[in-house]
Amino acid sequence: MELNNSYEDAEVADCIMCIGTNPYECQTNYFLYHWMPNLQGATLDKKKQWFKGEEVDAARFIFVDPRRTPTVAICEVAAKDNVLHLDIEPGTDVALFNGLFTHVVEQGWIDKAFIAKRTKGFDEAVKANKMSLDECSKITGVPVAKLRQAAEWAYKPKAGGAMKRTMHAYEKGIIWGNDNYAIQSSLLDLVIATHNVGGRRGTGCVRMGGHQEGYTRPPHPTGEKLYNDQEIINGKGMMYTAWGANPFQCTCNAENFRNAVMRRSEIVKDAMRGARGASTAQMVDAIYDAVANKGGLFVTAINIYPTMLADAAHPLLPAAHPGEMNLTSMNGERRMRLSQKFMDGPGSAKADCLIAADIANTLKAMYEKEGNAKMAARFKGFNWKTEEDAFNDGFRMMGAKDVGGVIHSQGGDTGKLATYELLRKAGNNGVQLPIKEVKGDKLVGTEMLYTEKFDTDDGLAHFKASPWKGGLLGPVQGQKDKYRFWVNSGRVNEAWQSHYHDQFNPAMKERWPMAPVEINPADAKELGIANGDIVELYNDYGSTYAMAYITADAKRNQVFMNFGHYNVIHGDVTTEAVDRNVVPYYKGAWANLRKATRGDYQSTVSFKSRRYTA
């Protein structure tokens, strides 16, 4: 479980290693209210109270990111001597963590008792992951001295012998990185060996997902791990439904995907145009013939707003927004809250769960009419009238095993259920999952996971061998060999998420009329590019345009684009590369860069540095 500690752990950690995440811009409240006080020494009294007998001091921050982000800049202003930036070469995370892992093992900066009692596979991982700091430096581009300093800050025992308490925070830089699961394994080998997860306050190896979360990924019926985008591009599949997603602008290899979906969607539209005046049954037959025999694709878009995918969609199903529905969701410390409805949604917009119920109940009725009881039975249980009906079925059904929806405790009101009423009383504080018990009308949650055992078959933490195999995923390496610039992407603080709502905000559209692309001044001068110019990024997968934003914080031959912008599509230059678990390499793109035209944005857009300075 990648959300295994509390925000409070960031306040008392001895060190925070921040990997492929930019929390000042993307997790602003968490960063400013929980990280920064620790860096500035404001939580020393709390540390002294909790960690009696241990050496305590203001935290040190280590940033692992090819880019000098605004987070790095603001931390350097606050406490420069306690900030270290490891600006690794793109795609070399496994080598970095293997080098640090090997070094701390050799130095003895590991928790041998914890390894012996609560883990397995340590010796195999040490052997497989072995990498000297010299080799690590050559691969990552980080000097050996900085690697040693990082290891000492994060893992060298304190005076008196107590292990450092280091929180490891990561996000899209490795989740969407070069071979996601190898990176995760090499990082966790380092984390587990140094006992920085599993029942120690001030630790944790956690995602920085800032939005409220609710997620499930059921297996494909065949058991295969399929990359749906490529299946669609290759002409497979008959129906495509994008639910709360904007794949035309946010998926990888987006230009090729978009072209394939539009072409196949048009086959269905043409069939529908040829069936004017048809009954519903006749129209269904025309659609089925188009997808089954002519290569068509029936496309449904379910969203709050019509996104670019709406151009290809046949039906559009409008969803309700938080505030227009009752919503239960959790955030980065597994804190579940109830966000209550306070207004009706527009038109026929509904909560997602009720849209799902409508679809399921329609299918059930159709199968019952055909006399197909077996198929009808697959769609039982969706007689939901409200969002709470869905909560009662879904959360409680999975809760006993996964998130504590059904209460089985030694104390409190054993067997009492989490309800909307109890969540209303919990207010904005909510409850940290899993719920352990109910005391009166109070839900009692869990501040930290893995205090006694890990969520594995045997309760042990498993070291995973993750040797550095060199290079990048195939298509990405092919790009690097042919094109000059590494194209990174991420968010900007001023725009919520990826301009999803802000594309309708005139002030925001004036501030960011196109996605900015950060370019090093020397590269810009060589290519004749000035602030505000429109530039084209292109490779053999596609091309996109962006607004030049020149900054000395951009490294030579590297650029940074705003991801998910409504007016620019970073995914048009990314590849179809996925790792063994079919996680796309969103961050892996190389492209050439050219000035397309002189931009007129100088009069309306500020191109001052977005980094804080002392």
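Definition to keep at hand: two strands pair if DSSP finds at least two bridges between them. I am working on a predicted model.

Entry one, the open sheet. I looked up the strand order and found E3-E2-E1-E5-E6, five strands with parallel pairing. I then checked the edges. Strand E3 (83–86) and strand E6 (204–207) each pair on one side only.

Strand E1 (residues 15–19) and strand E5 (residues 166–170) run parallel and share five bridges. I picked out Cys15, which stands opposite Thr166 in E5.

Is E20 buried or exposed? I count five of its five residues (558–562) as buried, so the rest of the structure largely encloses the strand. The cut-off I use for buried is under 20% relative accessible area. Next I looked at the side each residue faces. Gln558, Phe560 and Asn562 point one way from E20, while Val559 and Met561 point the other way.

Strand E16 (residues 485–490) pairs with E20 in the parallel sense over five bridges. Strand E17 (residues 516–519) runs antiparallel to E20, joined by two bridges. Which residue in E20 is the bridge partner of Ser489? I find Met561. I looked up Val517 as well, and its bridge partner in E20 is Met561.

Conventions
Residues numbered from 1 in each chain as written. Predicted model: local features only at pLDDT ≥ 70, side-chain atom pairs only at ≥ 80, totals over all residues. Heavy atoms only, no water. Helix = DSSP H or I, 4+ residues; strand = E, 2+ residues; numbered from the N terminus. Buried < 20%, exposed > 50% of the residue type's maximum accessible area, 1.4 Å probe, protein only.
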